[in-house]
Amino acid sequence: MISFVLSALLAASAVQAGKRGVAWPWYNQPLDPGVLNNGQGQVVAIYDWETYPPPTFKNNLGGYGWIGMQGCWDCQSSPLNQLQNRWRQYGWSTVFSVNEPDHPATYHSPADTANWYKTNINPLSIKKALPAITSDTSAGRGLDWLQQMVNACAGGCYADYINLHWYGQNFAQFQAHVTNAHNRFPQYGVIISEFALQNPSGGQAAQVDFFRQAFAWLDSQSWVILYFPFVATSPSLLRANGNGAADFVGTGSCLYTDAGGPSAVGNLMY
């Protein structure tokens with residue numbers, strides 16, 4: 001039922017359905033995603049960078065459609081040889097593919113990734129997103145890396161969406177980057193599966209102002225399918241488990257308070 005709901009929402013227009021999603025880390029067991037669901041349909045999706053179900057309070061997915069993600073090339077948490085089994089078991093209607101293969105720490109060449117994608121993602125008869133890429137504008141990174149992968153695919157990678165990550169200084173930079181991505185790859189819908197200001201000096205207040213502008217603009221763009229602010233966790237959980245994310249982004253963009261309720265950013269999800 002969850003997958004059917006998400007499929008219907010992805011097929012609907014922006015006027016008919018929300019575009020907001022919940023990026024849910026592996027360490028979020030104490031939190032309830034339903035806290036961000038007011039029943040009016042603005043928040044429609046959840047993913048956890050993995051092919052196993054998002055760990056939540058009482059295993060509740062909050063009424064959202066779960067998107068599976070083969071975020072790693074192949075790993076213990078999401079074994080590549082279990083991808084098709086997990087898709088069939090859990091009934092995703094959409095799948096995200098490998099996470100930031102353009103990043104030096106997780107790098108795979110565009111050509112190797114194209115072959116990996118054809119072998120492992122193409123066979124899934126559901127909506128598909130190309131790999132999630134960084135907003136790095138260096139040669140061979142970000143959109144440049146993605147263009148090289150699309151070229152290497154030579155029309156043989158079946159996809160519905162590009163998948164963007166963005167961290168930067170202000171809304172104007174974000175808007176320009178996402179618009180550029182759409183203009184370079186107009187044949188695909190756009191998903192932004194991670195985004196926030198990069199540790200702004202204004203803290204949470206700066207993040208709130210940024211997300212307020214970003215949400216309104218993203219909702220108005222027909223080619224934007226889904227977007228996931230970073231990140232659906234609490235400050236204390238991010239500091240303890242986020243592998244440096246609290247230093248890189250700050251904790252002001254967390255959607256939850258340490259008490260488990262919606263933060264000032266979380267309240268914007270309604």
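Guide: Trp 49 lies in the loop between strand 2 (43-47) and strand 3 (65-66). The model is predicted, local features need pLDDT of at least 70, side-chain atom pairs need 80 or more, and totals for chains, interfaces and linings use all residues. Residues are numbered from 1 along each chain as its sequence is written, and side-chain values use heavy atoms, without hydrogens or water.

Visitor: Which peptide bond is cis, and what is its omega?

Guide: The bond from Phe 230 to Val 231 is cis, with omega near 15°. Val 231 sits in the loop between strand 9 (224-227) and helix 7.

Visitor: How do you describe two packed helices?

Guide: By the angle between their axes and the distance between the axes. Axes are lines fitted to C-alpha atoms, for helices over the stretch in contact, and angles run from 0 to 180 degrees between N-to-C directions. Take helix 5 (residues 171-184) and helix 6 (residues 203-220): their axes come within 10 Å and cross at roughly 30°.

Visitor: Why is helix 5 called roughly parallel to helix 6?

Guide: Angles under 35 degrees count as roughly parallel, over 145 as roughly antiparallel, 65 to 115 as roughly perpendicular, and the rest as oblique. The crossing is at roughly 30°, so helix 5 is roughly parallel to helix 6.

Visitor: What makes helix 3 and helix 4 oblique to each other?

Guide: The axes of helix 3 (residues 110-120) and helix 4 (residues 142-153) cross at roughly 55° and come within 8 Å. Helix 3 and helix 4 are therefore oblique to each other. Their crossing is right-handed (near helix turned clockwise from the far one by less than a right angle; left-handed if anticlockwise).

Visitor: Which residues of helix 3 and helix 4 make the contact?

Guide: Among them are Ala 114 and Tyr 117 of helix 3, and Trp 145 and Met 149 of helix 4. Contact means heavy atoms within 4.5 Å.

Visitor: What makes helix 4 and helix 5 roughly parallel to each other?

Guide: Their axes cross at roughly 15° and come within 11 Å. Helix 4 and helix 5 are therefore roughly parallel to each other.

Visitor: Why is a set of grid points called a pocket?

Guide: On a 1 Å grid over the protein atoms alone, a pocket is an open set with protein on both sides within 12 Å along at least five of seven lines; in a cavity, a 1.4 Å probe fits but cannot get out. Lining residues have an atom within 4 Å of a point. The largest pocket holds about 1,100 Å³ of space. Of its 40 lining residues, those closest to its centre are Trp 49, Asn 99, Glu 100, Glu 194 and Asn 243. Strand 7 (161-168), helix 7 (235-241) and helix 8 (245-249) each give two or more residues to the lining.

Conventions:
Grid points are joined across faces, edges and corners, and a volume is the space filled by probe spheres set on the points. Helices (H or I, at least four residues) and strands (E, at least two) are DSSP runs, numbered from the N terminus.
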